[in-house]
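These are my notebook entries on a structure that I looked through element by element. The sequence and the model come first, and the entries follow.

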Amino acid sequence: MKPFTVLEALVAPLDRANVDTDAIIPKQFLKSIKRSGFGPNLFDEWRYLDVGQPGQDSTNRPKNPDFVLNQPRYQGAQVLLARDNFGCGSSREHAPWAMEDYGFRVIIGPSFADIFFNNCFKNGLLPIQLPAAEVDELFRQCEATEGYQLKVDLAAQTVVRPDGKVIPFEVDPFRKECLFNGWDDIGLTLRHADKIRAFEEQRRLQHPYYFS
Amino acid sequence: MEAQTLYEKLWSSHVVHQEADGTALIYIDRHLVHEVTSPQAFEGLKLAGRKPWRISSIVATADHNTPTDHWDLGIQDPVSRQQVETLDSNMREVGSLAYFPFKDLRQGIIHVIGPENGTTLPGMTVVCGDSHTSTHGAFACLAHGIGTSEVEHVMATQCLLQKRSKTMLVRVDGVPGRGVTAKDIVLAIIGRIGTAGGTGYAIEFGGSAIRALSMEGRMTICNMALEAGARAGLVAVDETTIAYLEGKPFAPRDAAWDQAVAYWRTLTSDEGAVFDKVVELDAATIEPQVTWGTSPEMVTTIGGHVPDPAKVDDPTRREGMERALKYMGLVPNTPISEIAVDQVFIGSCTNSRIEDLREAAAVAKGRTKAGNVRRVLVVPGSGLVKRQAEAEGLHEVFLAAGFEWREPGCSMCLAMNADRLEPGERCASTSNRNFEGRQGAGGRTHLVSPAMAAAAAVTGHFADVRELN
Ligand code: SF4
């Protein structure tokens, strides 16, 4: 998992409430044997005018010009502004996989669905919950300003607006540590690598027949 | 030292590290890999720039998606083919102790090939991205089914994060009657304790009836421990275990064998060890079993009837029964022996070993498939089982009876390949799950022993195998 420290990046506003995981990544893409490569199919039904199929090259598919992520000014955005209850619906981990693969690192919204919120942290994404009024203001500023950027500092737990206003946010200390260091469950276990190695050596001596 | 259960011995000999809340890192000796639950794990490893911790722990095969006929044509379904080819390339890249690819002589269902090659050994921890990994507990292994993210975790760290289970002893004493097999014993156990009865427990199976079983029978029992809700099933080491393993390709030899056997003999629950729960059954009272519903606990005897929901007071249970009977297309109070079948499946990691095929052949011998039965599939659990069966002439018995003799694989246990039930079709199956749609959308599964499956095949309906012999 990529560590998350400080990000200063372009912001895209997705002005809809209750965006569910089926909208984030439609079910036909779950047949894949991969956990990467879902980026081109993020929000597939909104981004394209046709119906996407797994394994299809999406480069030349007809794009929906009205969908916000298709607008030239939001290309390369790494921060998504969201509305209430983002990530509701099925628990598929493909949703954060798709967000991450597309290039997002931060989602800011007034509320998130619980499982999606958890899954984000496991996949290097930082979901930030802010008061609705703050989110409203971010939407207003972002839509009014081309090239609108935010600075997100995980250690300081702050979102900094271009006008200098600093907005603090909450994050669970354990999740913060994992994300900051880029630790997933595997990363955490590997902190005990010396212990595992020592155990393994001992076992190999005692029971060599398990190691041939 | 305090008397310990087998589970406690296995657990404590594998704890690498323990957190204050009891979560432990357990060292994994054997990692079994198949094509369905491994691709994302391999990819995750690669993306994170990690290497597998110990490739000599890996034993792999392709089983879930492989066809059971026309191997010359390869795998027709492109999605299945891609999964199998992905495993091929991952194994080429990563390496393993043993890989038995599609069409290999020793390919087969992962839970059949592990033991028969001696890669499952007493005292090991065994994991696989497949819930029926509990099968390997028959060898006094701590065996767990795991999810894809855990497959990746084990590959990268050789450990699994686990909390200790409670312990249950299921003691089956006495001598089972003629025609009563390991499958009937385990279905009777599930009928008794329910599919959630083992939740939170590791179940050790003991008692004289279990001791009297072959390793094949013990594997059948542990395989279905999972259907009783337990994550692991166990049988203690005895002479049967040791005799089975001697000379297996990956079993230790010479001095290492002697050293191993000396240790393995300690892998039993100590006299006086205390279990959190004890359940006792008398094998002599167990009769051939048939499931009637959509959960393995919905089971009765061949002499029984389809139950009547109207007689059940508890509304939740009653509704569950009504839903199951509707799906199964069954009328309450129908004698089980009057239920006709459309297909018969003899196979799966529960019942596809040589002994299972012998039991089925003993019933099929000199008889033929009933006219109303559309198809009888006999799918050996591995290439080695297939070869052994052919050496004994069992395939000729099956073919003469009008059964189909197929190539090894999971086949119609879960219908990921082309073998499946049509909607509404009824099947006597030796597999482990009778869930809705398990053997094909709308398919109706009745779980039985291999002998009972063969009896249904030749009579066209469920029949008491004891009356056929
Ligand atoms: S035979 Fe059935 S239960 Fe066993 S591993 Fe294959 S699909 Fe799973």
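Where is the place of I146(B)? I located I146(B) in the loop between β7 (142-145) and α5 of chain B; helices (H or I, at least four residues) and strands (E, at least two) are DSSP runs, numbered from the N terminus.

**Conventions.** I note that this is a predicted model, in which local features need pLDDT of at least 70 and side-chain atom pairs count only at pLDDT 80 or more, while totals for chains, interfaces and linings use all residues. Residues are numbered from 1 along each chain as its sequence is written, chains are lettered from A and ligands numbered from 1 in the order in which they are written, and side-chain values use heavy atoms, with hydrogens and water left out.

**Entry on I146(B).** I looked up its accessibility: I146(B) counts as buried because its relative accessibility is 8%. Buried means under 20% relative accessible area, exposed over 50%, and partly exposed in between (1.4 Å probe, protein chains only). Leaving aside residues up to four places away in sequence, I146(B) touches V127(B), C128(B), G129(B), D130(B), V151(B), V154(B), L160(B) and R231(B); contact means heavy atoms within 4.5 Å. D130(B) is 16 residues from I146(B) along the chain, with 6.3 Å between the C-alpha atoms.

**Entry on the ligand.** D130(B) also belongs to the surroundings of the ligand, together with H64(B), I109(B), H111(B), H132(B), S348(B), C349(B), C410(B), C413(B), L414(B), N432(B) and R438(B). The criterion is a heavy atom within 4 Å. I sorted this shell into five nonpolar, five polar and two charged residues. Here Ala, Val, Leu, Ile, Met, Phe, Trp, Tyr, Cys and Pro count as nonpolar, Asp, Glu, Lys and Arg as charged, and the others, Gly among them, as polar.

**Entry on the three-stranded sheet.** I traced an open sheet with the order β1-β2-β8 (chain B) and antiparallel pairing; two strands pair if DSSP finds at least two bridges between them. β1 (15-18) and β8 (159-162) of chain B are the edge strands, each with a single partner, so one side of each has no neighbour in the sheet. On average, neighbouring strands are turned by 25 degrees against each other, direction ignored. β2 (residues 24-27) and β8 of chain B are joined by four bridges, and A24(B) stands opposite Q162(B). Helix α5 (residues 148-157) of chain B packs on this sheet, touching β2 and β8, at about 130 degrees to β8(B). From chain A, helix α8 (residues 193-206) lies across β1, β2 and β8 of chain B and runs at about 155 degrees to β1(B). Axes are lines fitted to C-alpha atoms, for helices over the stretch in contact, and angles run from 0 to 180 degrees between N-to-C directions.

**Entry on the five-stranded sheet.** I read the order of a parallel open sheet as β17-β16-β15-β18-β19 (chain B). Which residues of β16 (residues 375-378) of chain B point which way? R375(B) and L377(B) point one way, V376(B) and V378(B) the other, and all are buried. Four bridges pair β16(B) with β15 (residues 343-346) of chain B; V376(B) is the bridge partner of V344(B), and I346(B) stands opposite V378(B). Two bridges pair β16(B) with β17 (residues 404-405) of chain B, where L377(B) stands opposite E404(B).

**Entry on chain A.** I counted eight helices and seven strands in chain A. Of its 212 residues, 52% are buried.
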